[in-house]
Every structure is written in structure tokens, then in C-alpha cells.
Amino acid sequence: MSAALGKLLFIIGLAIVAAVVAITRKAWAPAAGHALPSIWRIAKITVAEARRRRVIQAVMVLVVMIIVSMNFFSYLSPHEQSRMLISGGLASITVFGILLSIFVAAFMIPQEIENRTVYAILSKPVRRFEFVMGKYLGALIILGAIIGILTVVLVGVLVFQDRLVQDLPDSKFDPNLGPVVFAAIMSYFALAVLTALIILISTVASTTMTVLSAFIIWAVGSLQSQIYELAENAAGATKLLLFIIYNVVPKLENFDFRHQVSNMMPVSVISGWHAVIHGIGYTLVVLILAAIFFNDRQV
Amino acid sequence: MSNEEAVLQVEGLTKIYRSLFTPAGVKAVDDLNLSVRRGETYSIVGPNGSGKTTTLKILLGLIFPTGGTTSIFGKGISDLSVRARIGFLPEDAYLYDCFNGEELLDFYAGLFGFSSRRRAELVEELLSLVGMQANRRVPFRECSKGMRQRLALAQALVNDPELLILDEPTSGLDPAGRHQMTRLILELKRRGKTILLCSHFLAEVEEVCDRVGIMYRGRLVAEGTLAELAGEPTEILITVTGLEGAAAEKVGGQAGVMEVRDGVVRMSKADEGQLWAVLEFIHRAGGVIVEVTRPRPTLQDVFVRAIGEEAK
């Protein structure tokens, strides 16, 4: 039932996208030439602003230190150390990415409204959807840069450790770099979906509500298979509610390859791509809704 | 006034804020009608909560009206071509505080699609116009209130707008800052800009505006040029020295004289025919006439009168 419902909701989502695009085509088509530079400008200033926020820099240094410090668990065997480094490193990247995604996305639009910086932008020839898209693109660039840096640090640590132990007898460190990078990229896609959803919520809710909802969505999104099992065993209204949650909340666990990678298990790139394509469709629907809601918001 | 002359037109504008606690709503703007002509400087004045900023926010499309219509250059504000011809200075200058003047102006100019070369030129021109060249690299959060306000005005001018909407441009500024801002507004007026201005500072409004609309409880209670609002002088004031005691009392008893106090003889404008007789009497009584004036009511007087009548 849930798989069919999921496909149905996905098709409905795509149909909504198609309908909105068709209906609003006349409105945005002449402005499309103008929209992209505006979106890019807003994204750039969002990135520049984040670069100057000390808190992001401080937390990032902390995460780098955590990843690097994992290198010094010398009491573990090289194989165990490899597992721990990959698992701990990817977990640090994911957790920091989620916190950052919530921190950046939940505050982005509400803060612009509270600080009234939005007035000087929306009184210029900038459409509201361009503002929302610019903010989202900015968040994607910030998250991409940070996940990228942290992945490079993790890979560097793994390579360093590999060099350190390669001469030891009876040791197979096997840093498994390709899957590590793949898992980090998949984490980034999960954050992209989560960020879009947080932005959607932030267009209608207060900052506190947005942050709270973001944590709940992250928790629920990471436990979707358990929710599916619960739904299968439930009855009546509870069953329906759980199925709705299962189908509406993004399946963030589909992007999570940490377990396979750290346990040297084979990684299914196909299922990764499936998750990415599903995530892109979901994100599109969510962003269109965010633009529609923000369009009607009084600032 | 024909529509072609009007750059900005507001008809029957109403805004009601509703919330969970006020289901009936609070009327912030009530059936407002106004128009601003090309090249004029129009000011909306009114006490706090009279609906001035709400009106501006509706005009800019930041909030939406409950009723009525607004048009700028004959079109709705959702039209991008309209916003390309407008400049807006928000109250209390809210700009990104971690960027400096150069970066901010470059960003806002970029929103109009200017090339990087043109943006660089614009940044120079605008920093020079608002006198911020020396402080061009000071982050906005470290700028003084006056510097912030000048930068905010500069961002409103990046597109060389035909219509400038200024919300409390001198709010929070010290007298020197207020003077500087008033001079800038006068310069923009000299350059032919149409200006819609909201302000608490009536003296500044008197200095720069051609027409004034007085708002109270969301309604426009008086509108016109300063002369129209003030009306004709109603009295004649004769400033005199050396007129004291019994002499002053005698002058006070002359036909047409309403009052003699603190060296000033007040006559009703209706009794202007008696002026020469009174002047001669003062002279004979030993008084020295310093000046004779027919003062018009100030905007402050007009404002207080209009608000007072409405409050009744």
C-alpha cells in the first residue's frame, strides 16, 4: 500500500509542478532572463554573509579537529581504526551538516524579515520566488563547500593513516576512498532535501517552530523504515497517519550509506541515484510550495 | 489633476490587520486616497500608528491591502518595470550589517542587472553623493547612525530612480545628520526626482515638501500645499521696545488691538485698516517699532489643529 501511495504522491507532486509551471509560464517567461542573475546575486550575498559568521567557522574548526583527532586511536588494529575513522568521520560530517543546514536554513528567511533587510531587496526588481531560490542556492553552496572541505580532510586523514601503517606486518588498513566520497556526496544530497523543506517551513512558521520541525523531520526522515514497519502493524487512523508521514517526510535514510561504507560492504550506486532523483523531484515540489507561500507572506 | 501627471495614485486603500486576538481586526489604513505628481515632493505626516509606514509598505508590495488600489507609473507594484524606476529608503536603515558600503552598493546595483564596470562607477558616484568615500570600507554594523542612513539612501539611488520613497529619512539622526540628510533630499529634488516622504520632523517636511498629507488613525485628514494648509495669516504682530506700564495699557485699549504682551502687540488681520493708527499711537507713546509681521501658521500648528479636530 505504502509503495503505491508513495508513487501516487510522487506523481501528484510532479503534476503539481507541471501545472504550476504551465499556469505561471506567462508570468515568469519574460522575466526568466532577469531571474537567473537575481537568484545568483542573492545566493552570492548569502554565501558571503555566512563566510563572515564566526560561529560557522568555529564549529567547522571543531569538526576538523574531531576528524583529525580520530587518527590517534593507536590502540586499535589498523582495520578497526580504518572502520572507526570512516564511520566517525562520516558521522561527524553528517551531524555537522544537519546542524549547519538547520542553522543556516531555518534562520535565513525569518531573519531577513525580522532584521528588515528584506525590504531593500524586495523593493527592487526582484521577484519573491527569486529571493527564495537565491537563498536556497546560497544554502546549497555553503553546505557544499563545508561538506567538501570536511570530506577532503577525512580523505586526507585516511590517506595519512594508510601511509603510516602500510609497512606494518599483518595489517590491512584499506581506506576505501571511493565509497567514502560517495557516502559524503549522498549526505550532501540528503542535506539539500532537508534544507529545502526547512526553507518551506520557515516561509510560514516562526524561527523556533522551524528549528523544532527541522529536528523532527530529520529524526523521522532517518527512521523511515521503522515508521513503515510500524504502519504495517498498525490499524485504522494510526495506520493512515503513519503512512502519510512515511510518504510526506523525505526518506533521508535512503541517502545514508555510512553503515555500508564503514563496514566495507558493497555500495549500490543505483540505489543512490534512485534516492537522488527522488530527492530532486521532492525538492522541486517543496521549493515551488515555498515560493507560493512566500509570495503571499506579508513582510 | 489628470492621471498622466500622477506618478503614484492610491484609491480607497484600506488595510486591516487581523489576528487570533483581534478577529475584527485593527484598521491601519482607512479608505486612503492620494496622488503624487511628477517632480513634486509629497510628505505624509502623522503621529505614530497613523498608518504612514503601512501605506508605504503596501505601495512597495511588501504587504497586501485589504481593499483599494495603488498604482505607480500607471501600473501595479508587482510589475518589475515599475520597481526598476523606484528607490526605497526603509526606516532605520536595515542593510546587511557585515558588509561595507562598497560591497552593499555593488550588491544592490547588481539586482538591477548592471555590469561590473557600471556597478563600480555607480559605487563611486553614490559614495561621493552621500559623502561616504572616506568610510567606504567601514562595515555597516560599525557605521554611525548618520553614515547608515546615508548608505541606505545611496542604495535607494543605485538605479537613478524617478520616484523615491523615503520612510523617516532623518529618524534617529542628530541635528547635524538631519541637516545633511535634508540637504541631500533637496539636492535630489533639484535633480527632478519625485519624492514621497514619511516623517515625524515637521520642520524638515516644511523645508523640503511641496505638498503634505496629514494622516491620523489611518485616514488622510488634511492635504495640500503648505500655504493651502496654513491658510491666510489671521493676525498681525508688532514687535515693540520701550513700551511698558501705562503706555502699554493705553496701546492695548486701541481699536483693533487684541493683546499687548512681552513687547508684542497682537492685532486681528481683520482689523488691518487700523494698523497705521496703532503704529502711530505706539510711536507717540514712546515705543520703538522693531518689526511688523503677518505670520502664517506653521506646519506644526496645522498638524496640531488637524489632529485635534479629528480627535474630537
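Author: Across the interface of chain B and chain A, the rule finds two salt bridges, a salt bridge being a side-chain nitrogen of Lys or Arg within 4 Å of a carboxyl oxygen of Asp or Glu. One pairs the side chains of Arg41(A) and Asp106(B), at 3.7 Å from N to O. This is a predicted model, in which local features need pLDDT of at least 70 and side-chain atom pairs pLDDT 80 or more, while totals for chains, interfaces and linings use all residues, and side-chain values use heavy atoms, leaving out hydrogens and water. Residues are numbered from 1 along each chain as its sequence is written, with chains lettered from A and ligands numbered from 1 in the order written.

At the same interface, 30 residues of chain B are in contact with 30 residues of chain A, where contact means heavy atoms within 4.5 Å. The two chains bury about 2800 Å² between them, 62% of it on carbon and sulfur atoms; buried area is the accessible area (1.4 Å probe) that two parts lose on being put together, summed over both.

Now to chain A itself, which has 12 helices and zero strands. Helices (H or I, at least four residues) and strands (E, at least two) are DSSP runs, numbered from the N terminus. Of its 299 residues, 48% count as buried, meaning under 20% relative accessible area, with exposed over 50% and partly exposed in between (1.4 Å probe, protein chains only).

An α-helix has 3.6 residues a turn, so residues three or four places apart point the same way.

For comparison, look at helix α12 of chain A, which holds Gly279(A). Gly279(A) counts as buried because its relative accessibility is 7%, and beyond residues up to four places away in sequence, Gly279(A) touches Val193(A) and Phe255(A). Phe293(A) also sits in α12, but this residue is partly exposed, with a relative accessible area of 38%.
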